[in-house]
Amino acid sequence: MDISKIRVFSITGHAQSGKTTLAEGILYKTQAINRFGKVDQGTTVSDFEPDEIERKSSINASYLYTNYKDHFIQFIDTPGYQDFIAEVIAPLSVSDCVLIVIDAVSGVELGTEFAFEEAKKRNLPCIFFVNKLDKENADFYKVLNDIKENLTKNAIPLYLPIGKEQNFKGVVPVLEKDSSQVKEVSEFYSKLLDLVAESDDTLLEKYLETGELSSEEIKKGLKKGILERKIFPVLCGAVLNEIGLEELINVILDFFPSPKERPPLKVKINGEEKELTPQPNSKFSAQVFKSIFDPYVGQLTIFRIWTGLLKSNTGFYNVTTKTKERFGQLYLLFGKEQRTVDSLFAGQIGAVAKLKDTHTNDSLGEENFLVEFPKIEFPTPSISQSVKPKTKQDEERISGALQKLSTEDPTFKVERDPQTKELIISGVGELHLNVICQRMKRRFGAEVELGRPKIPYKETITKSVKVQGKYKRQTGGRGQYGDVWIEVEPLERGKFFEFVDKIVGGKIPRNFIPSVEKGIRKAMEEGFLAGYPIVDIRVTLYDGSYHPVDSSDIAFQIAGSMALKKAVEQAGPILLEPIMDVEVIIPEEFMGQVTGDINSRRGRVLGMEARGKNQLIKAQVPLAEMYRYATDLRSITGGRGSYSMKFSHYEPVPPQIAQQIIEEYKRRKEAEAKK
């Protein structure tokens with residue numbers, strides 16, 4: 001296959017802008033399918049999962065291809081909702097170009113801005129397609145200005161609409177320069193010529209001298225300007241009515257980069273930093289960017305080949321894990337279909353089933369050609385919920401199901417909280433977690449209830465005390481005897497626990513001292529105020545007594561436990577809560593609302609700094625106040641804000657709130673005792 005005839009791109013944009021319909025239209029127009037599927041009817045090639053058909057909206061990236069006019073066109077239809085952000089980031093990381101779809105009524109939206117920024121990060125060429133021009137209130141020129149003001153001033157139409165709203169009936173090429181149908185063509189032709197000339201010094205010189213460029217020079221300069229992100233073409237149409245599709249496909253063939261024309265990728269080859277451009281006549285290298293669990297074939301590993309040729313049933317070297325594996329049957333993905341192929345070429349995206357030790361972000365190659373691709377960076381999950389099985393049967397299925405789902409989605413995490421013992425799932429938003437749970441029920445037959453995760457509070461003391469713990473029990477036969485004196489004092493926050501043995505003169509035999517510590521540690525785990533672990537204390541065992549017959553391991557454990565509980569009661573016990581470092585990125589106009597909201601959550605704003613067009617707020621907020629923050633931040637900022645958080649330290653809970661927590665604990669204990 002001629003690599004110059006390959007096109008690989010992602011279709012991105014805001015939700016409901018018509019991305020899936022556009023993908024369907026490309027397949028239909030290039031005769032890859034013989035009927036034009038509709039999102040509303042659940043008949044598109046892209047949206048094949050039951051939850052996508054039900055919601056009439058994409059949740060997963062869908063991999064498609066078509067052969068047309070001697071070209072192999074491979075493209076990825078990505079979802080528009082921010083909750084499924086991983087399904088946009090991974091495809092963009094292996095695309096050569098980005099096609100951004102914009103609703104002609106709504107204009108530039110959050111998803112449009114996100115797609116453009118992600119393309120910019122990767123230095124990828126961008127083409128805009130203004131869709132739904134047949135709708136009421138659709139306005140091409142308003143959207144064009146929107147793009148220029150909010151995204152790039154170098155946006156330029158290659159086609160202009162004929163008619164408006166219900167009278168929209170076609171498009172006319174700007175390169176025609178004169179059109180009786182659309183008066184604005186000559187104006188935009190001049191602007192296009194200016195941009196093309198500015199993209200190349202030789203063309204600029206000729207243009208300044210003659211005031212004109214040949215058709216061939218314009219096309220050559222236009223392609224160069226697109227590749228170098230100096231020109232951002234804008235196309236238009238109404239995909240459902242098949243207007244503008246043919247023109248778009250011609251632009252894909254003529255102006256989208258082939259793999260060898262795309263910006264080079266910065267990689268390491270045999271340990272050295274180098275730039276890599278897809279090459280067919282080279283050793284094999286590929287990048288794994290997605291894993292899917294398929295109910296029929298098991299785990300599907302999706303990768304892009306950057307160099308060389310790959311045949312089915314051949315070996316490869318996993319550069320990341322330093323292991324050898326074998327590819328089985330190779331596939332090209334077409335929606336839900338896996339179509340078998342004998343080989344894949346540099347530039348193509350392929351899939352293989354049942355690899356044992358190969359995962360998302362792994363680099364594949366040969367033992368003497370070790371190419372390390374940059375890791376795809378996914379956002380950290382921002383919302384967490386506890387998971388409880390609905391039945392005993394569900395409990396057995398949950399663990400494996402969640403593990404498989406987290407393998408598919410790098411923004412979905414599963415962990416068992418070591419303190420609260422709860423199973424916690426974390427994701428990008430509430431919709432994300434709801435979809436995960438629905439998918440778990442459908443695919444694995446496991447039903448769960450989601451709840452608010454318990455806060456891992458801790459307890460500590462504020463002053464030093466000395467106490468005795470004495471356990472003496474006499475029943476028939478041998479009794480029990482353990483007697484300890486301990487000093488308990490506060491430690492610096494985060495130091496957890498120190499046990500100091502100051503027993504001299506054999507007042508407690510050496511073999512019972514570990515028993516005392518064991519009893520103290522057990523009492524620390526059980527807590528005193530509200531059942532939370534006691535931390536940041538030093539316990540010094542300095543005196544005690546024993547009985548030569550009745551003393552035992554268990555007696556000194558109980559004595560140690562009794563002593564600690566008595567000490568904590570006298571030592572000014574308090575509750576501690578986890579404090580999180582929070583970073584919030586928002587447009588400047590929301591600064592007042594967001595900082596006010598942080599303050600209302602008992603948070604402290606530590607600082608602010610510019611981050612491109614946005615502002616970064618750094619704050620510390622109690623974890624207890626961060627539940628549902630992802631949802632609330634979206635509500636405040638219209639979806640334009642994002643945040644991340646990580647654990648910082650523990651601080652005392654304010655007395656009023658602490659009292660509520662303690663009372664709730666007591667009520668719970670009383671209720672349990674009555675059962």
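Modeller: Buried means under 20% relative accessible area, exposed means over 50%, and partly exposed lies in between (1.4 Å probe, protein chains only). Leu 450 is partly exposed, because its relative accessible area is 30%. Two cautions on the source: this is a predicted model, where local features need pLDDT of at least 70 and side-chain atom pairs count only at pLDDT 80 or more, while totals for chains, interfaces and linings use all residues. Residues are numbered from 1 along each chain as its sequence is written, and side-chain values use heavy atoms, with hydrogens and water left out.

Colleague: Is Ser 561 buried or exposed?

Modeller: Ser 561 is buried, because its relative accessible area is 15%. Across the protein chain, 54% of the 675 residues count as buried.

Colleague: Which elements hold Leu 450 and Ser 561?

Modeller: Helices (H or I, at least four residues) and strands (E, at least two) are DSSP runs, numbered from the N terminus. Leu 450 sits in strand S26, residues 448-451. Ser 561 belongs to helix H13, residues 553-570. The protein chain has 16 helices and 35 strands.

Colleague: Which residues is Leu 450 in contact with?

Modeller: Contact means heavy atoms within 4.5 Å. Setting aside neighbours within four places in sequence, Leu 450 touches Gln 385, Ser 386, Val 387, Ile 425, Asn 434 and Cys 437. With the same exclusion, Ser 561 is in contact with Gly 519, Ile 520 and Ala 523.

Colleague: What share of contacts in the protein chain joins residues at least 24 apart?

Modeller: Take contacts between residues at least 6 apart in sequence: 71% join residues at least 24 apart.

Colleague: How do I read a nonpolar core?

Modeller: A nonpolar core is a set of buried Ala, Val, Leu, Ile, Met, Phe, Trp, Tyr and Cys residues joined through side-chain atoms within 4.5 Å. The largest one here has 130 residues. Phe 9, Leu 22, Ile 26, Phe 303 and Phe 327 have the most contacts inside it. Helix H6 (residues 185-198) gives this core its largest share, eight residues. Apart from it lies another core of 32 residues, including Leu 402, Leu 433, Ala 446 and Met 580.

Colleague: What is Phe 327 in contact with?

Modeller: Beyond neighbours within four places in sequence, its contacts include Phe 284, Phe 303, Leu 310, Val 352, Leu 355 and Leu 364.

Colleague: What does the C-alpha trace span along its principal axes?

Modeller: The C-alpha trace of the protein chain spans about 110 × 60 × 50 Å.
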